[in-house]
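Here is a short report on side-chain contacts in one protein chain. Keep the structure open as you read.

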Amino acid sequence: MPNSKGYKSKTRKVLRKRVDERCLSLKVTPLLHRYRPGDRVVIDIDPSVHKGMPHRRYQGKVAVVSGMRGRAYILEVKVGGKVKQVITRPEHIHPWIRSVES
C-alpha cells in the first residue's frame, strides 16, 4: 500500500497541541492585534483552526508581513535561497520577539 501524499501528511507531531492547551478555546486578544507591512511575525500553526492554515513546512519560520488580503495576511518567508509568499490568517501567527542575551 503506497503512502498517502495529502496536504497534511506527516503532521501527527507537528500539528498537535500540548496537553495543557487542549481544553482552551481560541484566544481573542491575538486576533485583534493588527500587523503592519514590515512587521516580523512567527508562523505558529493552530491545529484547531483549519481555515487559512499554512503548509507545515512553514511552522516556526519568521516571516515579514507584506500586506493583507481580506482578513488574511500576506507573508514573505525565506526558504532556502528563495522568498516565498504565504497567505495565512491571524490565528496562525504571533509577533516575533527577539530575545536579547546579556
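Lys 17 is partly exposed, because its relative accessibility is 21% and the buried class ends under 20%. This value comes from a predicted model.

Which residue does Lys 17 form a salt bridge with? The partner is Asp 46. Their closest N and O atoms are 3.5 Å apart. Lys 17 sits in the segment before helix 1 (29–32). Asp 46 sits in the loop between strand 1 (40–43) and strand 2 (62–69). Asp 46 is buried, with a relative accessible area of 11%.

## The other charged pair

How many salt bridges does the count come to? It comes to 2. Side chains of opposite charge can pair when their charged atoms come close.

Besides Lys 17 and Asp 46, Arg 89 forms a salt bridge with Glu 91. Here the closest N and O atoms are 3.7 Å apart.

## Two tyrosine rings

A pair of aromatic rings is described by the distance of the centres and the angle of the planes. A search of the whole structure finds 1 such pair. Its members are Tyr 35 and Tyr 73. The ring centres are 5.3 Å apart, and the planes meet at 85°. An angle over 60 degrees counts as edge-to-face, so that is the label for this pair.

Tyr 35 is buried at 7% relative accessibility. Tyr 73 is buried at 1%.

## A charge over a ring

Arg 40 and Trp 96 make another kind of contact. The charged end of Arg 40 sits over the ring of Trp 96. It lies 5.2 Å from the ring centre.

## A positive phi

Now turn to the backbone. Most residues other than glycine have a negative phi. What is the phi of Lys 10 near? The value is near 60°, which is positive, and Lys 10 is a residue other than glycine.

Lys 10 lies in the segment before helix 1. Lys 10 counts as exposed, because its relative accessibility is 67% and exposed means over 50%.

Key:
Residues are numbered from 1 along each chain as its sequence is written. This is a predicted model: local features need pLDDT of at least 70, side-chain atom pairs count only at pLDDT 80 or more; totals for chains, interfaces and linings use all residues. Side-chain values use heavy atoms; hydrogens and water are left out. A salt bridge is a side-chain nitrogen of Lys or Arg within 4 Å of a carboxyl oxygen of Asp or Glu. Helices (H or I, at least four residues) and strands (E, at least two) are DSSP runs, numbered from the N terminus. Buried means under 20% relative accessible area, exposed over 50%, partly exposed in between (1.4 Å probe, protein chains only). Rings of Phe, Tyr and Trp (its six-membered ring) pair if their centres lie within 6.5 Å; planes under 30 degrees apart count as stacked, over 60 as edge-to-face and the rest as tilted. A charge sits over a ring if NZ of Lys or CZ of Arg is within 6 Å of the ring centre and within 35 degrees of the ring normal.
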